[in-house]
Amino acid sequence: VGRRGPLQTAFTIKELREMTKLPGCRSVLDPADFAGLEDKVKSMPRPRKRLTELLIKTAQTGGATAQERQRLAQASKEWRLKFLRSPLEILPTEDGLEILPTEDGSRVSGIQLGVNRLEGSDSSARAVPSGETEVLSCGLVLRSIGYKSVPIDTTIPFDSQKGVIPNTEGRVTGCKGLYCSGWVRRGPTGVIATTMTDGFETGKAVVDDLNTGVLQPQGARGQKWVLPLLHKKGVQAVTFEDWNRIDSEEVKRGEEVGKPREKIIEVEEMLNVALS
């Protein structure tokens, strides 16, 4: 369920392609949601163009080749995208006999959605409530509210609306020698490879600034200064050797249950393993 339309989607083409390839699952998109977009596709930037083309193809064919369509027709599951909708209320059942309870003890029968319309165009379009509502019946609701960065220091510029630090290729705007990467640089979009690319670009910016003299190192003191400071503040530092102990333990636990690894999710337990 998305509050805006196909041209405002935030997922990547890689994520969409992976969804269309889920085993035993077919993709169901309403072709009416993409009416008239074929003409707009030609003038779009390449990443948005490729994503929109795949959305249109998925709406028309389920994203499958002719050979795959017969197999997908037998799929036991399906996924859909519902555009121009905002969740308003999770609706409980009257008897609650067949559906698992939610946190407050009630049981889910559906979700009330507000129907939106768009004001503006393309990526800058805003979702505006139309006043219409509809109910989507379901027995399970998963909240996916996204992620938004927060400022860490009043001296560092921050765009509260977008949740990012203003920057150019990782260089923080107006702060010479300060850099950022990841979601605080570009916002919560993309996959792991996207964030890796951000990191590489920011790292290159640092190296370029060092090589061109923009940055003038003042004799960095390194870990010989940092580690005593962390110890003084009661912060337990984890070395690469310590991390290897955590890694080995997770792999060992995974082998016992037939998995690549079993993640340790409690920080205290991680530290116990690291320092063992």
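Which residues in α8 meet which residues in α9? Asp242, Arg245, Ile246, Glu249 and Arg253 in α8 meet Glu269, Met270, Val273 and Ala274 in α9. The model is predicted.

**Helices α8 and α9**
- Helix α8 spans residues 240-256, and helix α9 spans residues 267-274.
- Their axes come within 8 Å and cross at roughly 110°.
- Angles of 65 to 115 degrees count as roughly perpendicular, and α8 and α9 are therefore roughly perpendicular to each other.
- By class, the contact of α8 with α9 has 4 nonpolar and 5 charged residues, with no polar ones.

**Helices α1 and α3**
- Helix α1 covers residues 13-20, and helix α3 covers residues 46-61.
- The two axes come within 9 Å, crossing at roughly 20°.
- That makes α1 roughly parallel to α3.
- The crossing of α1 past α3 is left-handed.
- From α1, Ile13, Leu16, Arg17 and Thr20 meet Arg50, Leu51, Leu54, Leu55 and Thr58 in α3.
- By class, this contact of α1 with α3 has 5 nonpolar, 2 polar and 2 charged residues.

**Arg185**
- Arg185 is found in helix α5, residues 183-186.
- Buried means under 20% relative accessible area, so Arg185, at 13% relative accessibility, counts as buried.
- Its side chain makes a polar contact with the side chain of Glu201, at 2.6 Å.
- Leaving aside neighbours within four places in sequence, Arg185 is in contact with Val164, Ile165, Asn167, Glu169, Gly170, Cys180, Asp198, Glu201 and Thr202.

How values were computed:
Residues numbered from 1 in each chain as written. Predicted model: local features only at pLDDT ≥ 70, side-chain atom pairs only at ≥ 80, totals over all residues. Heavy atoms only, no water. Axes fitted to C-alpha atoms, helices over the stretch in contact; angles between N-to-C directions. Helix = DSSP H or I, 4+ residues; strand = E, 2+ residues; numbered from the N terminus. Parallel < 35°, antiparallel > 145°, perpendicular 65-115°, else oblique. Contact = heavy atoms within 4.5 Å. Nonpolar A, V, L, I, M, F, W, Y, C, P; charged D, E, K, R; others polar. Buried < 20%, exposed > 50% of the residue type's maximum accessible area, 1.4 Å probe, protein only. Polar contact = N/O pair within 3.5 Å; in protein donor to acceptor, adjacent residues only side chain to side chain. Left-handed = near helix turned anticlockwise from the far one by under 90°.
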